[in-house]
Amino acid sequence: MARWNKADLLARFREMAERRIPIIGGGAGTGMSAKWEEAGGIDLIVIYNSGKYRMAGRGSLAGLLAYGNANDIVLEMAREVLPVTKKTPVLAGVNGTDPFVIWDVFLRQLLDLGFAGVQNFPTVGLIDGVFRANLEETGMGYALEVEAIRRAGEMGLLTTPYVFSAEDAAAMAAAGADILVCHMGLTTKGSIGAATAKTLPQCAELIDAWAEAALRVRKDVLVLCHGGPIAEPEDAAFILRTCKHVHGFYGASSMERLPVEKAIKAQTEAFKNISF
């Protein structure tokens, strides 16, 4: 498996940011997704349990429910994805609130498998209301994800955490996170996309506010946008042209679910329309 040097990866991404070349990352729920994302020139790939569920036709939020152990699933997915990615860094989605993980052992295992970094998924950042308050009160809060990102960074893994507020962004920057992914909510569009979402202008305003909170802590933080109504290339282009402090886009459903839905449906319709 490839061995990745965090300093080299960051140098590459910072050079892209300076040259105004968007950094494009994507989720992969299957080896097929990862193989063809790499062929398309993607800059980084992230695998986590929701990718598996998403490509099985279930909603991405399945990754937050008790359908399987997220940290075990990412290890299973590694055997499918890592062997087919030859030149692209692959990151593992890790459940930072899992109370049964021995972090030094688990993070070392990720390094040994050939992962280049980590992202905090599943994340309680997608949960709000009384349930979120109760999670925080009972020791299963976002601060544990911040700590997992800190430990991963110290072990030499690239860290690209999801953030959901200015406070999250500042906390992750203080923990040494390399690339912040501003999460605008569950991706809309497609057969299992969300219907509730912010507008693109609202997203642009929030992304800049969260990025500024992080930049007040550390000036070298990179920022990507993700989710909500940022579902298609033109949506991401709007954000990149509107925001002051964004360096690229990270897509999950946008990168693998939406294209597959369209392509399979269109190909099936084409076959159904042939005649003798």
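Predicted model: local features only at pLDDT ≥ 70, side-chain atom pairs only at ≥ 80, totals over all residues.

Author: Residues are numbered from 1 along each chain as its sequence is written, and side-chain values use heavy atoms, with hydrogens and water left out.

Reader: What does I47 touch?

Author: Contact means heavy atoms within 4.5 Å. Residues up to four places away in sequence are not counted. I47 then touches A28, V74, M77, A78, V81, V90, L91, A92, G93 and F115.

Reader: Are α7 and α8 roughly parallel or roughly antiparallel to each other?

Author: Axes are lines fitted to C-alpha atoms, for helices over the stretch in contact, and angles run from 0 to 180 degrees between N-to-C directions. The axes of α7 (residues 142-154) and α8 (residues 166-174) come within 9 Å and cross at roughly 30 degrees. Angles under 35 degrees count as roughly parallel, over 145 as roughly antiparallel, 65 to 115 as roughly perpendicular and the rest as oblique. So α7 and α8 are roughly parallel.

Reader: How many charged residues are in the contact of α7 with α8?

Author: Y142, E145, V146 and I149 in α7 meet D168, A171 and M172 in α8. Asp, Glu, Lys and Arg count as charged; Ala, Val, Leu, Ile, Met, Phe, Trp, Tyr, Cys and Pro as nonpolar; the others, Gly among them, as polar. By class, this contact of α7 with α8 has five nonpolar residues, no polar ones and, as charged residues, two.

Reader: Is M172 buried or exposed?

Author: M172 is found in helix α8. Leaving out residues up to four places away in sequence, M172 touches several residues, including N120, P161, V163, L180 and R218. Buried means under 20% relative accessible area, exposed over 50%, partly exposed in between (1.4 Å probe, protein chains only). With a relative accessible area of 0%, M172 is therefore buried.

Reader: How many nonpolar residues are in the contact of α8 with α9?

Author: The axes of α8 and α9 come within 8 Å and cross at roughly 35 degrees. A166, A169, A170 and A173 in α8 meet A209, W210, A213 and A214 in α9. The contact of α8 with α9 has no polar and no charged residues, and its nonpolar residues number eight.

Reader: Are α9 and α10 roughly parallel or oblique?

Author: α9 and α10 pack with their axes 10 Å apart, at an angle of about 45 degrees. That makes α9 oblique to α10.

Reader: Which residues of α10 make the contact with α9?

Author: From α9, the contact is made by L200, P201, C203, A204, I207 and D208. The residues on the α10 side are D235, F238, I239 and T242.

Reader: Is L240 buried or exposed?

Author: L240 lies in helix α10 (residues 233-242). Leaving aside neighbours within four places in sequence, L240 is in contact with R20, P22, C225, V246 and G248. Its relative accessibility is 19%, so L240 counts as buried.

Definitions and conventions:
Helix = DSSP H or I, 4+ residues; strand = E, 2+ residues; numbered from the N terminus.
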